[in-house]
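Please read them with the structure open.

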Amino acid sequence: EAVRSTLVFEDKPGLTFDRLRALVAEHVRYHGVQAVIVDYWQLLQGQQRSETEAQHLGRVAQWMADAAKLYGIVFVTAAQLNREDSCRGGDGLRMACDVYFKIHPVESHDGRGGIRRHIWLEMEGTRYTPRRDVGDKEAQCLYISLIGPTVAEYGA
């Protein structure tokens, strides 16, 4: 049986929360989308007049959790942390996520005078998924490819 692979890109600077909800419903229905990547959480517009930024972002995060369950899909999003490693705009994302990873960059010399940039992911929080980091400081399994740019897995 052939596996259908469809990528749908939406370049929407200033995307509102309402428009995101509509786009996700549309792409799940018409394209069978199974994963949504939001780049990134704090940039979603549409805060209501009566809401603080933390309330707005908490509402967005909870919708992502609810929509993931409703549609049977996965949401992946990036978020900016403050100096205390808390989410800028509130902890709504941490509370809504099943798994919460922190990216750790590591640089090393490639032996030819260049620098190779690696990353590893530390699982900082989880609700249902067993705890597991993706690599560690000494043994990273991901690297930042200069062709892309993209994150790639060693050996893939």
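1. Helices (H or I, at least four residues) and strands (E, at least two) are taken here as DSSP runs, numbered from the N terminus. On that basis the chain has 3 helices and 6 strands. Read from the N terminus, the order of elements is α-β-α-β-α-β-β-β-β.

2. This is a predicted model, in which local features need pLDDT of at least 70 and side-chain atom pairs count only at pLDDT 80 or more, while totals for chains, interfaces and linings use all residues. Residues are numbered from 1 along each chain as its sequence is written, and side-chain values use heavy atoms, with hydrogens and water left out.

3. Burial and contacts come next. A residue is called buried under 20% relative accessible area, exposed over 50%, and partly exposed in between (1.4 Å probe, protein chains only). Of the 156 residues in the chain, 27% are buried. Contact means heavy atoms within 4.5 Å. Among contacts between residues at least 6 apart in sequence, 45% join residues at least 24 apart.

4. How many aromatic pairs are there? Rings of Phe, Tyr and Trp (its six-membered ring) are paired if their centres lie within 6.5 Å; planes under 30 degrees apart are stacked, over 60 edge-to-face, and the rest tilted. The rule gives 2 aromatic pairs. In one of them, the ring centres of Phe17 and Trp63 are 5.7 Å apart and the planes stand at 80 degrees, so the pair is edge-to-face. Phe17 belongs to helix α1 and Trp63 to helix α2 (residues 53-71), so that this pair links distant parts of the chain, 46 residues apart. Both Phe17 and Trp63 are buried.

5. Trp63 also pairs with Phe75: the ring centres are 5.4 Å apart and the planes are at 75 degrees, so this pair is edge-to-face. Because Trp63 lies in helix α2 and Phe75 in strand β2 (residues 74-77), the pair ties together parts that are 12 residues apart in sequence. Trp63 has a relative accessible area of 15% and is therefore buried; Phe75, at 16%, is buried as well.

6. A charge is said to sit over a ring if NZ of Lys or CZ of Arg is within 6 Å of the ring centre and within 35 degrees of the ring normal. The charged end of Arg21 sits over the ring of Phe17, 4.3 Å from the ring centre.

7. Is Leu23 buried or exposed? This residue of helix α1 has a relative accessible area of 6%, so Leu23 is buried. Apart from neighbours within four places in sequence, Leu23 is in contact with Glu10, Lys12 and Leu15. Leu23 and Glu10 are 13 residues apart along the chain, with their C-alpha atoms separated by 8.9 Å.

8. Two strand residues may be checked next. Val74 is in strand β2 and, at 47% relative accessibility, counts as partly exposed. Not counting residues up to four places away in sequence, Val74 touches Gln34, Ala35 and Val36. Val74 and Ala35 are 39 residues apart in sequence but 4.6 Å apart in space, C-alpha to C-alpha. Ile37, in strand β1, has 67% relative accessibility and therefore counts as exposed. From Ile37 to Ala78 the C-alpha distance is 8.5 Å, across 41 residues of sequence.

9. Gln140 is placed in the loop between β4 (115-126) and β5 (142-145). At 17% relative accessibility, Gln140 counts as buried. The C-alpha atoms of Gln140 and His118 are separated by 6.4 Å, and the two residues are 22 apart along the chain.

10. The last point concerns a pocket. On a 1 Å grid over the protein atoms alone, a pocket is an open set of points where a 1.4 Å probe fits, with protein on both sides within 12 Å along at least five of seven lines; lining residues have an atom within 4 Å of a point. Grid points are joined across faces, edges and corners, and a volume is the space filled by probe spheres set on the points. The second largest pocket holds about 970 Å³ of space. It is lined by 30 residues, and those closest to its centre are Val8, Phe9, Glu10, Val36 and Ile37. Helix α1 (17-31) gives the largest share of this lining, 6 residues.
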